[in-house]
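Work through the exercises below with the sequence and the model side by side. Each task is followed by a solution that goes step by step.

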Amino acid sequence: MLAILLMACGNEVSKTSDDKETVDVSSNAGENESIKKLTIGFVPSRDPDEIITATEPLKGLLKDELADLGFDVGEIDITVGTNFEAVGEALSAGTTDIGLIPGGTYVLYDDGAEVILTATRAGLSNDADNPIDWNKNEPTAPTTAQTTSYRAILVAGPSEKGKALAAKVNNGEELTFEDLNTVTWNVMSSSSPAGYIYPTLWLHEKFNKTIPDLAQVVQADSYGNAFARLAAGQTDVLVTYADARRDYEESWQGEFNRDASIWEETDLIGVMPAIYNDTISVSKNSKIMSDELKKAIQQAFINIGYSEKGKEVIAIYSHEGYQVAKDSDYDNERKAQELVQNLGSK
């Protein structure tokens, strides 16, 4: 998936000498097209009030960029959905023009939504399929390279059972489902890509099993609680996103009262397939959405991601920039969602 070349369907896309993508946006012969109102929906991955406050400057930035690209927008309305599905439904209904939604939400609503951009974030020093490579190259650190995907990982903690699993992996031995079924797992909600969906896909591909097949599973309401349980030995393994140990490095010896560092006391025992980053998608049923406006929105957000003020705004979602995307980039997400949906129907 990481090797996929991101190109817009039907759009001409090129990169400048500094690797900034440019979209071929046709001019309007010097006369801008007027748009009365443009609506943007955000998913509530953070506190809604925090999102609204942080994204307020986006209105002016987007207006300015679109004006340079041939579209004068009178008003930009930013809302935060009550849940992820609410934003997907609004895109499908055409009541929201643009949605910043995860890949999982996009594939559920791609009948009424069209992905145009994928968010980028800082890459990590580890990205191998083999957990031993991560364990030999600790700590995991950020790089200057930008990536359009991230990994989910299976982390073994300092409990006796967690250490036994890590030792087996680091000795080059293959884990069996019986090994994993004798330990206590900490997972997130069933809609979490890194905390549930992709680990379920990983289990299914390796053992033809899924998280509901495990004997001992604890669901956490946050990654902070999950790491606290791992540190206390209440759980043996947890599934999380690739740079989570970096995020809880200080808490491990502080709030969680461990003597040694998180890098000394945890090891990876599994690495999930790459998960494509969040999308910027547009409504297929919006009354104002034309092919030229879509191209302008693509270029506008790419430009915003390159500006210092823009980076401050999109940091609310841990985005660092945007690249042109196509629908097939999210095929692996469809596979994962299909698996989870099939499990739910049984």
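Two strands count as paired if DSSP finds at least two bridges between them, and helices (H or I, at least four residues) and strands (E, at least two) are DSSP runs, numbered from the N terminus. The model is predicted, with pLDDT of at least 70 needed for local features and 80 or more for side-chain atom pairs, while totals for chains, interfaces and linings use all residues. Residues are numbered from 1 along each chain as its sequence is written, and side-chain values use heavy atoms, with hydrogens and water left out.

**Exercise 1.** Find which strands pair with β6 (residues 113-124) and in which sense they run.

Solution. Begin with β7 (residues 142-147), which runs antiparallel to β6 and is joined to it by 3 bridges; here Leu 124 stands opposite Pro 142. Next take β16 (residues 321-324), also antiparallel to β6, with 4 bridges, where Ala 119 faces Tyr 322.

**Exercise 2.** Work out the strand order of the open sheet of 5 strands, and state which helices pack on it.

Solution. The order is β11-β10-β12-β9-β13, and the pairing is mixed. The edges are formed by β11 (217-219) and β13 (267-271), each of which pairs on one side only. From one strand to the next the twist averages 30°, where axes are lines fitted to C-alpha atoms, for helices over the stretch in contact, and angles run from 0 to 180 degrees between N-to-C directions. Helix α5 (residues 160-170) packs on this sheet, touching β9 (152-156), β12 and β13, and its direction makes about 65° with that of β13; contact means heavy atoms within 4.5 Å. Helix α8 (residues 223-232) packs on the sheet too, where it touches β9, β10, β11 and β12 and makes about 150° with the direction of β12. Within the sheet, β10 (residues 185-187) and β12 (residues 237-241) pair in the parallel sense over 2 bridges, and Trp 185 has Val 237 as its bridge partner.

**Exercise 3.** Determine which residues of α5 are buried and where they lie around its axis.

Solution. Buried means under 20% relative accessible area, exposed over 50%, and partly exposed in between (1.4 Å probe, protein chains only). By this rule, the buried residues of α5 are Gly 162, Leu 165, Ala 166 and Val 169. They lie on the same side of α5 because they cover an arc of only 95° around the axis, the arc being that of the directions from the helix axis to the C-beta atoms. On the other side of α5, Glu 160 and Lys 163 are exposed. Among the elements that cover the buried residues are α4 (131-136) and α6 (177-181).

**Exercise 4.** Describe how α1 (residues 48-68) and α12 (residues 291-306) meet.

Solution. Their axes come within 9 Å and cross at roughly 125°. Angles under 35 degrees count as roughly parallel, over 145 as roughly antiparallel, 65 to 115 as roughly perpendicular and the rest as oblique, and α1 and α12 are therefore oblique to each other. The residues making the contact include Leu 58 and Leu 62 of α1, together with Ile 297 and Phe 301 of α12.
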